[in-house]
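Trainee: I am new to this structure and would like to go through its cavities and its ligand. Please show it first.

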Amino acid sequence: MTGTLIRGAQVITMDAATGSTPVSRDIRIDGGVFTEIGTDLPAQVGDEVIDGTGMLVTPGFVNAHTHSWEYLYKGRYDNMPLELWMLYAYPILGGTPTSPDIVRLRTLMFAMESMKNGVTTLVDDVLETPGQDLDQLAAVAGAYESIGIRANVSGHVINRPFVDTLPFVADWLPDDLVRQVRAQPVLSADEYLDYSRTAFERHHGAAGGRVRYMLAPSGPQRCTDDLLVGATELAAEYDAEVHIHVLETKTQAVTGDELYGGQTLVEHLDGIGAMSERTTFAHGIWVTDEDIERIARRGTSVSHNAISNLKLGSGVLPWRRYHDAGVNLGLGTDGCSSSDTPRLMEVMKTAALLHKVTEPDLTRWSTVDEVLRAATIGGARSAVLDGSVGSIEVGKRADLVMFDTETLAFLPTNRLENHLVYSENGSSIVRVMVDGVTTVLDGRLTLIDEDAVIASFRAEMPGIREEQDRLDRVNDAFAPAFSRMYEQASGMPTAVNRWTGDERTWVHQPV
Ligand SMILES: Nc1nc2[nH]cnc2c(=O)[nH]1
(Lines give C-alpha, C1' and ligand atoms only; values in the text may rest on other atoms or scores of the structure.)
Protein backbone atom coordinates (compact mmCIF):
# COMPACT_ATOMS: atom_id res chain seq x y z
CA MET A 1 0.00 0.00 0.00
CA THR A 2 1.33 3.44 -0.82
CA GLY A 3 -1.16 6.14 0.04
CA THR A 4 -4.73 6.76 1.15
CA LEU A 5 -7.52 8.26 -0.92
CA ILE A 6 -10.66 9.59 0.81
CA ARG A 7 -13.36 9.94 -1.81
CA GLY A 8 -16.38 12.25 -1.89
CA ALA A 9 -16.38 13.62 1.65
CA GLN A 10 -17.58 17.00 2.85
CA VAL A 11 -14.38 18.73 3.93
CA ILE A 12 -13.73 21.70 6.18
CA THR A 13 -10.27 22.60 4.94
CA MET A 14 -9.62 25.77 6.98
CA ASP A 15 -7.56 26.97 4.01
CA ALA A 16 -7.71 30.57 2.74
CA ALA A 17 -10.21 29.74 0.01
CA THR A 18 -12.98 27.80 1.75
CA GLY A 19 -12.21 28.23 5.46
CA SER A 20 -14.79 26.58 7.69
CA THR A 21 -17.38 26.08 4.93
CA PRO A 22 -17.73 22.39 4.04
CA VAL A 23 -16.94 21.58 0.41
CA SER A 24 -17.11 18.28 -1.47
CA ARG A 25 -13.57 16.98 -1.98
CA ASP A 26 -11.38 13.94 -2.48
CA ILE A 27 -8.21 13.90 -0.39
CA ARG A 28 -5.07 11.95 -1.17
CA ILE A 29 -2.45 11.32 1.49
CA ASP A 30 1.02 9.93 0.95
CA GLY A 31 4.17 9.92 3.05
CA GLY A 32 2.28 11.45 5.97
CA VAL A 33 1.19 14.59 4.08
CA PHE A 34 -1.78 15.72 2.00
CA THR A 35 -0.61 15.29 -1.61
CA GLU A 36 -3.77 16.10 -3.58
CA ILE A 37 -7.09 17.73 -2.75
CA GLY A 38 -9.69 18.01 -5.48
CA THR A 39 -12.60 16.24 -7.13
CA ASP A 40 -12.61 12.93 -9.01
CA LEU A 41 -9.04 12.15 -8.01
CA PRO A 42 -7.80 8.82 -9.40
CA ALA A 43 -6.55 6.22 -6.95
CA GLN A 44 -2.94 5.22 -7.40
CA VAL A 45 -1.80 1.63 -7.39
CA GLY A 46 -1.80 0.31 -3.83
CA ASP A 47 -3.87 3.17 -2.38
CA GLU A 48 -6.27 2.39 0.44
CA VAL A 49 -9.53 3.93 -0.78
CA ILE A 50 -11.92 5.20 1.91
CA ASP A 51 -15.51 6.01 1.00
CA GLY A 52 -16.21 9.51 2.29
CA THR A 53 -19.90 9.51 1.40
CA GLY A 54 -21.88 10.93 4.30
CA MET A 55 -18.66 11.88 6.09
CA LEU A 56 -17.38 15.25 7.28
CA VAL A 57 -13.60 15.61 7.38
CA THR A 58 -11.94 18.36 9.39
CA PRO A 59 -8.35 19.16 10.30
CA GLY A 60 -7.31 17.49 13.54
CA PHE A 61 -8.08 19.57 16.62
CA VAL A 62 -5.34 21.23 18.62
CA ASN A 63 -5.54 21.37 22.41
CA ALA A 64 -3.40 24.47 22.90
CA HIS A 65 -3.13 24.23 26.69
CA THR A 66 -3.36 21.28 29.01
CA HIS A 67 -1.62 19.44 31.86
CA SER A 68 -1.77 15.67 31.37
CA TRP A 69 -0.68 14.84 34.91
CA GLU A 70 -3.94 16.26 36.29
CA TYR A 71 -5.73 13.33 34.68
CA LEU A 72 -5.30 11.63 38.04
CA TYR A 73 -7.48 14.28 39.73
CA LYS A 74 -10.38 14.44 37.30
CA GLY A 75 -13.59 14.95 39.27
CA ARG A 76 -11.74 15.34 42.55
CA TYR A 77 -12.10 19.07 43.35
CA ASP A 78 -14.91 21.58 42.95
CA ASN A 79 -15.90 25.11 43.94
CA MET A 80 -12.44 26.45 44.59
CA PRO A 81 -10.89 29.49 42.92
CA LEU A 82 -7.54 28.98 41.23
CA GLU A 83 -5.37 30.03 44.14
CA LEU A 84 -7.07 27.68 46.58
CA TRP A 85 -7.37 24.88 44.05
CA MET A 86 -3.68 25.10 43.16
CA LEU A 87 -2.82 24.60 46.79
CA TYR A 88 -4.39 21.14 46.54
CA ALA A 89 -3.73 20.25 42.92
CA TYR A 90 -0.09 21.40 43.08
CA PRO A 91 0.93 20.46 46.64
CA ILE A 92 2.71 23.45 48.05
CA LEU A 93 5.15 21.37 50.00
CA GLY A 94 5.81 19.11 47.05
CA GLY A 95 4.27 15.75 46.23
CA THR A 96 6.13 12.50 46.31
CA PRO A 97 7.88 11.60 43.06
CA THR A 98 5.67 9.67 40.67
CA SER A 99 7.12 6.55 39.10
CA PRO A 100 7.74 6.59 35.34
CA ASP A 101 5.24 3.71 35.06
CA ILE A 102 2.41 5.79 36.52
CA VAL A 103 3.46 8.77 34.45
CA ARG A 104 3.27 6.62 31.32
CA LEU A 105 -0.16 5.22 32.24
CA ARG A 106 -1.75 8.54 33.13
CA THR A 107 -0.34 10.09 29.93
CA LEU A 108 -1.73 7.27 27.83
CA MET A 109 -5.16 7.55 29.49
CA PHE A 110 -5.18 11.27 28.86
CA ALA A 111 -4.04 10.89 25.26
CA MET A 112 -6.59 8.13 24.57
CA GLU A 113 -9.49 10.27 25.67
CA SER A 114 -8.09 13.28 23.82
CA MET A 115 -7.60 11.49 20.53
CA LYS A 116 -10.99 9.78 20.60
CA ASN A 117 -12.37 13.33 20.81
CA GLY A 118 -10.53 14.42 17.66
CA VAL A 119 -7.44 15.97 19.25
CA THR A 120 -4.42 15.28 17.04
CA THR A 121 -2.05 17.83 18.61
CA LEU A 122 -1.78 18.75 22.24
CA VAL A 123 0.34 21.12 24.23
CA ASP A 124 1.13 19.33 27.46
CA ASP A 125 2.57 21.56 30.15
CA VAL A 126 3.72 18.70 32.34
CA LEU A 127 4.43 19.45 35.96
CA GLU A 128 6.93 17.11 37.43
CA THR A 129 8.62 16.88 40.78
CA PRO A 130 10.97 19.68 41.82
CA GLY A 131 14.29 18.86 40.24
CA GLN A 132 12.62 18.21 36.89
CA ASP A 133 13.14 14.52 36.48
CA LEU A 134 14.19 13.57 32.93
CA ASP A 135 12.94 9.99 33.37
CA GLN A 136 9.43 11.28 33.91
CA LEU A 137 9.66 13.50 30.86
CA ALA A 138 10.87 10.49 28.87
CA ALA A 139 7.83 8.52 30.06
CA VAL A 140 5.49 11.29 28.87
CA ALA A 141 7.21 11.67 25.50
CA GLY A 142 7.36 7.89 25.06
CA ALA A 143 3.63 7.56 25.71
CA TYR A 144 2.86 10.11 22.99
CA GLU A 145 5.25 8.43 20.58
CA SER A 146 3.53 5.08 21.07
CA ILE A 147 -0.06 6.29 20.82
CA GLY A 148 0.59 8.28 17.65
CA ILE A 149 -0.51 11.76 18.74
CA ARG A 150 1.37 15.00 18.04
CA ALA A 151 2.49 16.69 21.25
CA ASN A 152 4.58 19.43 22.79
CA VAL A 153 5.91 18.44 26.21
CA SER A 154 7.50 20.67 28.83
CA GLY A 155 9.47 21.58 31.22
CA HIS A 156 6.89 23.32 33.57
CA VAL A 157 8.80 25.28 36.19
CA ILE A 158 8.07 27.46 39.22
CA ASN A 159 11.36 28.78 40.57
CA ARG A 160 10.24 31.21 43.26
CA PRO A 161 8.86 30.09 46.65
CA PHE A 162 5.16 29.56 46.12
CA VAL A 163 4.10 31.92 48.94
CA ASP A 164 6.03 34.73 47.26
CA THR A 165 4.19 34.33 43.97
CA LEU A 166 0.90 35.43 45.50
CA PRO A 167 -0.06 38.70 47.16
CA PHE A 168 -0.65 38.92 50.92
CA VAL A 169 -0.58 35.18 51.58
CA ALA A 170 2.65 35.18 53.55
CA ASP A 171 1.05 37.74 55.90
CA TRP A 172 -1.78 35.38 56.74
CA LEU A 173 0.30 32.26 57.32
CA PRO A 174 2.07 31.27 60.52
CA ASP A 175 5.76 32.13 60.26
CA ASP A 176 6.92 28.54 60.59
CA LEU A 177 4.83 27.47 57.58
CA VAL A 178 6.19 30.34 55.51
CA ARG A 179 9.70 29.33 56.53
CA GLN A 180 9.01 25.73 55.52
CA VAL A 181 7.78 26.78 52.09
CA ARG A 182 10.66 29.16 51.54
CA ALA A 183 13.09 26.40 52.52
CA GLN A 184 11.88 24.19 49.67
CA PRO A 185 14.53 23.83 46.95
CA VAL A 186 13.88 25.74 43.73
CA LEU A 187 15.72 25.43 40.44
CA SER A 188 18.03 28.20 39.38
CA ALA A 189 17.57 29.55 35.86
CA ASP A 190 20.79 27.81 34.79
CA GLU A 191 19.63 24.46 36.19
CA TYR A 192 16.34 24.74 34.32
CA LEU A 193 18.02 25.77 31.08
CA ASP A 194 20.57 22.92 31.35
CA TYR A 195 17.72 20.48 31.96
CA SER A 196 15.92 21.92 28.95
CA ARG A 197 18.95 21.62 26.66
CA THR A 198 19.16 17.93 27.50
CA ALA A 199 15.40 17.57 26.99
CA PHE A 200 15.67 19.29 23.60
CA GLU A 201 18.44 16.94 22.51
CA ARG A 202 16.46 13.86 23.61
CA HIS A 203 12.90 14.72 22.63
CA HIS A 204 12.60 17.70 20.30
CA GLY A 205 11.59 16.38 16.90
CA ALA A 206 11.18 12.75 18.02
CA ALA A 207 8.84 10.38 16.14
CA GLY A 208 9.42 12.12 12.81
CA GLY A 209 8.82 15.55 14.35
CA ARG A 210 5.57 14.61 16.11
CA VAL A 211 6.94 15.09 19.63
CA ARG A 212 8.53 18.41 20.52
CA TYR A 213 9.95 19.88 23.70
CA MET A 214 8.81 23.31 24.87
CA LEU A 215 9.86 25.66 27.62
CA ALA A 216 7.23 26.39 30.21
CA PRO A 217 7.95 28.96 32.88
CA SER A 218 4.76 28.68 34.91
CA GLY A 219 4.01 32.40 35.10
CA PRO A 220 5.90 35.68 35.24
CA GLN A 221 5.23 36.08 38.96
CA ARG A 222 6.27 32.46 39.59
CA CYS A 223 9.65 32.65 37.87
CA THR A 224 12.76 34.76 38.06
CA ASP A 225 13.42 37.18 35.22
CA ASP A 226 16.65 35.45 34.22
CA LEU A 227 14.71 32.21 33.76
CA LEU A 228 12.00 33.92 31.68
CA VAL A 229 14.55 35.62 29.43
CA GLY A 230 16.76 32.52 29.21
CA ALA A 231 13.76 30.40 28.20
CA THR A 232 12.83 32.86 25.46
CA GLU A 233 16.37 32.80 24.09
CA LEU A 234 16.66 29.01 24.24
CA ALA A 235 13.31 28.64 22.46
CA ALA A 236 14.66 30.77 19.61
CA GLU A 237 17.71 28.51 19.37
CA TYR A 238 15.57 25.38 18.98
CA ASP A 239 12.58 27.02 17.29
CA ALA A 240 10.28 25.85 20.08
CA GLU A 241 7.26 27.14 21.94
CA VAL A 242 7.46 29.03 25.24
CA HIS A 243 4.30 28.45 27.22
CA ILE A 244 3.40 30.79 30.13
CA HIS A 245 0.30 31.19 32.32
CA VAL A 246 -0.55 34.88 32.23
CA LEU A 247 -3.26 36.87 34.00
CA GLU A 248 -5.65 34.03 34.65
CA THR A 249 -7.15 35.58 37.79
CA LYS A 250 -7.80 38.91 39.38
CA THR A 251 -5.37 37.91 42.11
CA GLN A 252 -2.65 37.72 39.47
CA ALA A 253 -3.52 41.20 38.24
CA VAL A 254 -3.05 42.42 41.80
CA THR A 255 0.23 40.52 41.98
CA GLY A 256 1.49 42.56 39.04
CA ASP A 257 0.82 45.75 40.93
CA GLU A 258 2.65 44.38 43.94
CA LEU A 259 5.66 42.83 42.26
CA TYR A 260 6.27 45.15 39.33
CA GLY A 261 5.44 48.57 40.71
CA GLY A 262 2.13 49.00 38.92
CA GLN A 263 3.17 47.37 35.65
CA THR A 264 0.88 44.64 34.40
CA LEU A 265 2.37 41.18 34.04
CA VAL A 266 2.28 41.58 30.27
CA GLU A 267 4.12 44.91 30.43
CA HIS A 268 6.72 43.28 32.62
CA LEU A 269 7.23 40.33 30.28
CA ASP A 270 7.51 42.65 27.31
CA GLY A 271 9.89 44.93 29.16
CA ILE A 272 12.35 42.11 29.87
CA GLY A 273 12.12 40.75 26.30
CA ALA A 274 10.15 37.60 27.16
CA MET A 275 7.47 37.85 24.47
CA SER A 276 7.81 36.68 20.88
CA GLU A 277 5.92 34.86 18.15
CA ARG A 278 7.03 31.60 19.79
CA THR A 279 5.32 32.54 23.05
CA THR A 280 1.84 31.37 24.02
CA PHE A 281 0.04 32.87 26.97
CA ALA A 282 -2.36 30.48 28.66
CA HIS A 283 -5.57 32.19 29.85
CA GLY A 284 -4.91 35.94 29.28
CA ILE A 285 -8.15 37.04 30.94
CA TRP A 286 -7.27 40.07 33.06
CA VAL A 287 -5.55 42.06 30.33
CA THR A 288 -5.78 45.76 29.56
CA ASP A 289 -6.30 47.12 26.04
CA GLU A 290 -2.64 48.06 26.05
CA ASP A 291 -1.67 44.49 27.03
CA ILE A 292 -3.66 43.19 24.08
CA GLU A 293 -1.90 45.61 21.73
CA ARG A 294 1.47 44.42 23.03
CA ILE A 295 0.47 40.79 22.55
CA ALA A 296 -0.59 41.55 18.97
CA ARG A 297 2.59 43.54 18.27
CA ARG A 298 4.85 40.72 19.48
CA GLY A 299 2.91 38.05 17.55
CA THR A 300 2.32 36.17 20.82
CA SER A 301 -0.56 33.66 20.84
CA VAL A 302 -3.16 33.18 23.57
CA SER A 303 -4.85 29.93 24.56
CA HIS A 304 -8.48 30.34 25.57
CA ASN A 305 -9.37 27.77 28.22
CA ALA A 306 -13.05 28.59 28.55
CA ILE A 307 -14.21 25.65 30.67
CA SER A 308 -11.38 25.74 33.18
CA ASN A 309 -11.85 29.50 33.53
CA LEU A 310 -15.51 28.96 34.33
CA LYS A 311 -14.89 26.10 36.74
CA LEU A 312 -12.30 28.03 38.74
CA GLY A 313 -14.37 31.21 38.59
CA SER A 314 -11.41 32.98 37.01
CA GLY A 315 -13.31 35.16 34.54
CA VAL A 316 -13.90 35.28 30.80
CA LEU A 317 -11.26 35.99 28.18
CA PRO A 318 -12.05 39.10 26.10
CA TRP A 319 -12.57 37.17 22.88
CA ARG A 320 -13.74 40.07 20.72
CA ARG A 321 -11.06 42.48 21.87
CA TYR A 322 -8.39 39.90 21.00
CA HIS A 323 -9.93 39.41 17.57
CA ASP A 324 -10.16 43.16 16.99
CA ALA A 325 -6.43 43.40 17.68
CA GLY A 326 -5.58 40.44 15.40
CA VAL A 327 -4.18 38.23 18.17
CA ASN A 328 -3.82 34.55 17.28
CA LEU A 329 -6.05 32.45 19.57
CA GLY A 330 -6.05 28.72 20.28
CA LEU A 331 -8.39 26.69 22.48
CA GLY A 332 -7.36 24.60 25.46
CA THR A 333 -9.00 22.29 27.93
CA ASP A 334 -6.47 23.03 30.68
CA GLY A 335 -5.82 20.14 33.06
CA CYS A 336 -8.43 17.60 34.08
CA SER A 337 -8.35 18.83 37.66
CA SER A 338 -9.74 22.25 36.69
CA SER A 339 -11.88 21.21 33.74
CA ASP A 340 -12.50 17.50 34.32
CA THR A 341 -12.10 16.65 30.66
CA PRO A 342 -9.52 16.60 27.89
CA ARG A 343 -12.34 16.73 25.29
CA LEU A 344 -11.67 19.80 23.21
CA MET A 345 -15.07 19.66 21.53
CA GLU A 346 -16.62 20.75 24.83
CA VAL A 347 -14.40 23.82 24.86
CA MET A 348 -15.37 24.56 21.25
CA LYS A 349 -19.05 24.61 22.11
CA THR A 350 -18.49 26.63 25.28
CA ALA A 351 -16.39 29.23 23.45
CA ALA A 352 -19.05 29.55 20.76
CA LEU A 353 -21.74 30.19 23.38
CA LEU A 354 -19.93 32.11 26.09
CA HIS A 355 -19.11 35.25 24.16
CA LYS A 356 -22.69 35.79 23.17
CA VAL A 357 -23.39 36.47 26.85
CA THR A 358 -20.42 38.75 27.43
CA GLU A 359 -20.99 40.96 24.38
CA PRO A 360 -24.24 42.94 24.35
CA ASP A 361 -23.71 43.97 20.70
CA LEU A 362 -24.63 40.91 18.67
CA THR A 363 -22.37 41.90 15.77
CA ARG A 364 -19.54 41.17 18.22
CA TRP A 365 -20.65 37.70 19.30
CA SER A 366 -18.38 34.70 18.81
CA THR A 367 -18.89 32.75 15.59
CA VAL A 368 -18.55 29.12 14.57
CA ASP A 369 -15.90 30.11 12.05
CA GLU A 370 -13.77 31.79 14.73
CA VAL A 371 -14.12 28.82 17.06
CA LEU A 372 -13.13 26.31 14.38
CA ARG A 373 -10.20 28.51 13.39
CA ALA A 374 -8.96 28.64 17.02
CA ALA A 375 -9.45 24.87 17.42
CA THR A 376 -7.36 24.11 14.32
CA ILE A 377 -4.98 26.58 12.64
CA GLY A 378 -4.94 29.03 15.55
CA GLY A 379 -3.80 26.41 18.05
CA ALA A 380 -1.48 24.85 15.48
CA ARG A 381 0.29 28.13 14.86
CA SER A 382 0.90 28.57 18.58
CA ALA A 383 2.10 24.99 19.11
CA VAL A 384 3.88 23.85 15.99
CA LEU A 385 4.99 27.28 14.76
CA ASP A 386 6.09 26.29 11.24
CA GLY A 387 2.62 26.15 9.66
CA SER A 388 2.91 22.43 8.85
CA VAL A 389 -0.36 21.46 10.59
CA GLY A 390 -3.80 22.91 11.25
CA SER A 391 -5.50 22.84 7.85
CA ILE A 392 -6.19 20.42 5.01
CA GLU A 393 -3.91 21.74 2.30
CA VAL A 394 -1.44 20.09 -0.06
CA GLY A 395 1.94 19.73 1.60
CA LYS A 396 0.65 19.87 5.18
CA ARG A 397 0.94 17.01 7.66
CA ALA A 398 -2.08 14.76 7.24
CA ASP A 399 -3.85 15.19 10.59
CA LEU A 400 -7.62 14.87 10.28
CA VAL A 401 -10.85 13.82 11.92
CA MET A 402 -13.64 12.04 10.06
CA PHE A 403 -17.20 12.31 11.39
CA ASP A 404 -20.13 10.20 10.28
CA THR A 405 -22.90 12.72 9.56
CA GLU A 406 -25.65 10.09 9.36
CA THR A 407 -25.89 10.19 13.15
CA LEU A 408 -28.30 11.63 15.69
CA ALA A 409 -25.86 14.46 16.39
CA PHE A 410 -25.62 15.55 12.76
CA LEU A 411 -29.09 14.83 11.43
CA PRO A 412 -30.91 16.62 9.85
CA THR A 413 -27.58 17.98 8.51
CA ASN A 414 -28.69 21.57 8.06
CA ARG A 415 -25.30 23.25 8.35
CA LEU A 416 -22.56 20.78 9.07
CA GLU A 417 -20.18 23.32 10.61
CA ASN A 418 -22.88 24.39 13.09
CA HIS A 419 -23.71 20.78 13.96
CA LEU A 420 -20.00 20.18 14.49
CA VAL A 421 -19.71 22.92 17.11
CA TYR A 422 -23.15 22.94 18.70
CA SER A 423 -24.59 19.41 18.31
CA GLU A 424 -21.70 16.98 18.11
CA ASN A 425 -19.57 15.93 21.10
CA GLY A 426 -17.19 13.48 19.47
CA SER A 427 -19.62 10.56 19.42
CA SER A 428 -19.76 10.60 15.60
CA ILE A 429 -16.00 10.34 15.09
CA VAL A 430 -15.18 7.27 13.01
CA ARG A 431 -11.53 7.90 12.18
CA VAL A 432 -8.65 10.05 13.36
CA MET A 433 -5.38 10.33 11.45
CA VAL A 434 -2.08 11.84 12.50
CA ASP A 435 0.72 12.11 9.95
CA GLY A 436 -1.48 10.04 7.62
CA VAL A 437 -1.61 7.14 10.09
CA THR A 438 -5.02 6.03 11.37
CA THR A 439 -4.80 6.29 15.15
CA VAL A 440 -8.52 5.88 15.97
CA LEU A 441 -10.89 3.71 13.97
CA ASP A 442 -14.54 3.14 14.88
CA GLY A 443 -13.99 4.28 18.45
CA ARG A 444 -10.88 2.18 19.14
CA LEU A 445 -7.25 3.15 19.36
CA THR A 446 -5.25 1.33 16.67
CA LEU A 447 -1.66 1.57 17.89
CA ILE A 448 -1.98 0.49 21.52
CA ASP A 449 -4.01 -1.98 23.53
CA GLU A 450 -6.35 0.42 25.32
CA ASP A 451 -8.00 -2.26 27.46
CA ALA A 452 -4.63 -3.23 28.90
CA VAL A 453 -3.80 0.42 29.64
CA ILE A 454 -7.14 0.95 31.41
CA ALA A 455 -6.71 -2.21 33.48
CA SER A 456 -3.21 -1.19 34.63
CA PHE A 457 -4.37 2.33 35.38
CA ARG A 458 -7.28 1.12 37.48
CA ALA A 459 -4.93 -1.11 39.46
CA GLU A 460 -2.74 1.92 40.33
CA MET A 461 -5.55 4.29 41.28
CA PRO A 462 -6.16 3.21 44.93
CA GLY A 463 -2.54 3.93 45.85
CA ILE A 464 -2.60 7.24 43.99
CA ARG A 465 -5.81 8.27 45.75
CA GLU A 466 -4.43 7.37 49.15
CA GLU A 467 -1.34 9.51 48.58
CA GLN A 468 -3.44 12.45 47.40
CA ASP A 469 -5.67 12.13 50.49
CA ARG A 470 -2.55 12.37 52.63
CA LEU A 471 -1.32 15.47 50.78
CA ASP A 472 -4.75 17.09 51.04
CA ARG A 473 -4.57 16.79 54.81
CA VAL A 474 -1.15 18.50 54.80
CA ASN A 475 -2.43 21.30 52.61
CA ASP A 476 -5.50 21.89 54.77
CA ALA A 477 -3.17 23.84 57.08
CA PHE A 478 -2.67 26.46 54.37
CA ALA A 479 -6.24 26.70 53.17
CA PRO A 480 -7.59 29.41 55.50
CA ALA A 481 -4.74 31.78 54.59
CA PHE A 482 -5.25 31.12 50.89
CA SER A 483 -8.97 31.79 51.21
CA ARG A 484 -8.36 35.10 52.97
CA MET A 485 -5.78 36.07 50.35
CA TYR A 486 -8.29 35.27 47.61
CA GLU A 487 -10.99 37.34 49.29
CA GLN A 488 -8.67 40.29 49.78
CA ALA A 489 -7.39 40.21 46.19
CA SER A 490 -10.87 39.78 44.76
CA GLY A 491 -12.02 42.94 46.50
CA MET A 492 -9.22 45.07 45.13
CA PRO A 493 -9.22 47.30 42.09
CA THR A 494 -6.82 45.99 39.48
CA ALA A 495 -5.01 47.11 36.39
CA VAL A 496 -7.92 45.88 34.32
CA ASN A 497 -10.72 47.65 36.09
CA ARG A 498 -9.05 50.75 37.38
CA TRP A 499 -10.96 53.92 38.20
CA THR A 500 -10.28 56.37 35.37
CA GLY A 501 -10.94 59.50 37.38
CA ASP A 502 -12.15 61.97 34.76
CA GLU A 503 -14.76 59.78 33.17
CA ARG A 504 -15.81 58.35 36.50
CA THR A 505 -16.22 54.95 34.95
CA TRP A 506 -14.53 51.63 35.39
CA VAL A 507 -12.70 50.56 32.26
CA HIS A 508 -11.82 47.23 30.68
CA GLN A 509 -14.16 45.05 32.67
CA PRO A 510 -13.30 41.61 31.35
CA VAL A 511 -16.84 40.33 31.31
N1 LIG B 1 -5.42 26.64 35.53
C2 LIG B 1 -4.15 26.54 35.86
N3 LIG B 1 -3.57 25.36 35.89
C4 LIG B 1 -2.28 25.32 36.22
N5 LIG B 1 -1.45 24.31 36.29
C6 LIG B 1 -0.25 24.78 36.66
N7 LIG B 1 -0.29 26.07 36.81
C8 LIG B 1 -1.55 26.43 36.54
C9 LIG B 1 -2.18 27.68 36.51
O10 LIG B 1 -1.60 28.72 36.74
N11 LIG B 1 -3.48 27.67 36.16
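Trainee: Which residues lie nearest the centre of the largest cavity?

Mentor: This is a predicted model, in which local features need pLDDT of at least 70 and side-chain atom pairs count only at pLDDT 80 or more, while totals for chains, interfaces and linings use all residues. Residues are numbered from 1 along each chain as its sequence is written, and side-chain values use heavy atoms, with hydrogens and water left out. A cavity is a set of points, on a 1 Å grid over the protein atoms alone, where a 1.4 Å probe fits but cannot get out, and its lining residues have an atom within 4 Å of a point. The largest cavity has 13 lining residues, and those nearest its centre are H67, W85, M86, Y90 and H245.

Trainee: How much space lies in the largest cavity?

Mentor: The whole structure holds three cavities of 30 Å³ or more. A volume is the space filled by probe spheres set on the grid points, which are joined across faces, edges and corners. For the largest cavity this comes to about 100 Å³.

Trainee: Which helix gives the most to the lining of the largest cavity?

Mentor: Helices are DSSP runs (H or I, at least four residues), numbered from the N terminus. With three residues in the lining, the helix that gives the most spans residues 82–89 and is α1.

Trainee: What takes the space of the largest cavity?

Mentor: A molecule sits in a cavity if more than half of its atoms lie within 2 Å of the cavity's grid points. By that rule, the largest cavity is the space taken by the ligand.

Trainee: How far is a polar side-chain atom of R222 from an oxygen atom of the ligand?

Mentor: A polar contact is a pair of N or O atoms within 3.5 Å. E248 has a polar side-chain atom 2.7 Å from a nitrogen atom of the ligand, and an N or O atom in the side chain of D334 is 2.7 Å from a ligand nitrogen. For R222 and the ligand oxygen, the distance is 2.8 Å.

Trainee: What volume does the second largest cavity have?

Mentor: Its lining includes L82, E83, M86 and R222. α1 gives the most to this lining too, with three residues. The volume of the second largest cavity is about 50 Å³.

How values were computed
1 Å grid on protein atoms, 1.4 Å probe; cavity = no way out; pocket = protein on both sides within 12 Å on 5 of 7 lines; lining within 4 Å. Helix = DSSP H or I, 4+ residues; strand = E, 2+ residues; numbered from the N terminus. Polar contact = N/O pair within 3.5 Å; in protein donor to acceptor, adjacent residues only side chain to side chain.
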